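Hello,

Here is the structure I promised to send over. Please open it first, then read my notes below.

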Amino acid sequence: MYIIKTPKVIRKLFPNYLWNKSRKKPYVYFTFDDGPIPKVTPWVLDTLKSYDMHGTFFCVGDNVRKHSKIYNRLIAEGHSVGNHSYSHKSGWGSDVEKYLDDVELCSSFVQSDLYRPPYGRLKPLQAEAIRDQYQIVMWDVLSGDFDQNITAEQCYQNVIQNLKPGSIIVFHDNIKSFVTLKEVLPRVIEYCQSRGLSSKGIRYNRVKKELEIA
Ligand SMILES: [Zn+2]
């Protein structure tokens, strides 16, 4: 069970998480979780490049360790990156210390102020500690590309029926999602471009933000 469009009530319960960006600007924010891995991530990069779009890649630290060349390509091509933990632990099933160690270990491979919890699951104490160092980035549209029980057409509809300017949309650059993603991503990009929407990487600078507030 998963929810495609994040309900307002959930967004209001967690106002410190980032659910979407400005609704008034002509941008959407494609995000890709779980890479970087060979074949899939380079295909995503080639596709984004051919349409002149950018995204945010929430990287698993262990994958960056194994595939640092692909990670370097992400950075070189101007995409944003975020921490998605080192070993893709679910927050609900892990004790706080061990979970935070996993996030910390990822940070030696992924330089970013952004964090997305695997499965979107965090315990309150984990969230509190992570927020000291990161902007926690959630989403308002979950494509469902990982769901083997839906067709690519359904996945495409999930996205286009729910996206708005400022939407943060979740895709996955992992093996399981690739068959669907391959069909859906170019179509979503073309849909966005036909409506004058472009995809940007999420930029956030925690230190600068604190200075602005102070
Ligand atoms: Zn993930």
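Of the 214 residues of the protein chain, 51% are buried. Buried means under 20% relative accessible area, with a 1.4 Å probe and protein chains only.

Some ground rules. This is a predicted model: local features need pLDDT of at least 70, side-chain atom pairs count only at pLDDT 80 or more, and totals for chains, interfaces and linings use all residues. Residues are numbered from 1 along each chain as its sequence is written, and side-chain values use heavy atoms, with hydrogens and water left out.

Now the overall fold. The protein chain has 9 helices and 8 strands. These are DSSP runs: helices (H or I) have at least four residues, strands (E) at least two, and both are numbered from the N terminus.

Next, the zinc ion. Its protein donors are Asp34 (OD), His84 (NE2) and His88 (NE2), 2.0 to 2.1 Å away. Donors are N, O and S atoms within 2.8 Å of the metal (3.2 Å for Na, K and Ca); water is not among the atoms, so sites may look incomplete. Along the chain, the donors follow the spacing D-x49-H-x3-H. Asp34 lies in the loop between strand E1 (27–33) and helix H2 (40–50), and His84 in the loop between strand E3 (80–83) and helix H5 (96–107), so the pair ties together parts 50 residues apart in sequence. Asp34 and His84 are both buried.

Best wishes

How values were computed:
Buried < 20%, exposed > 50% of the residue type's maximum accessible area, 1.4 Å probe, protein only.
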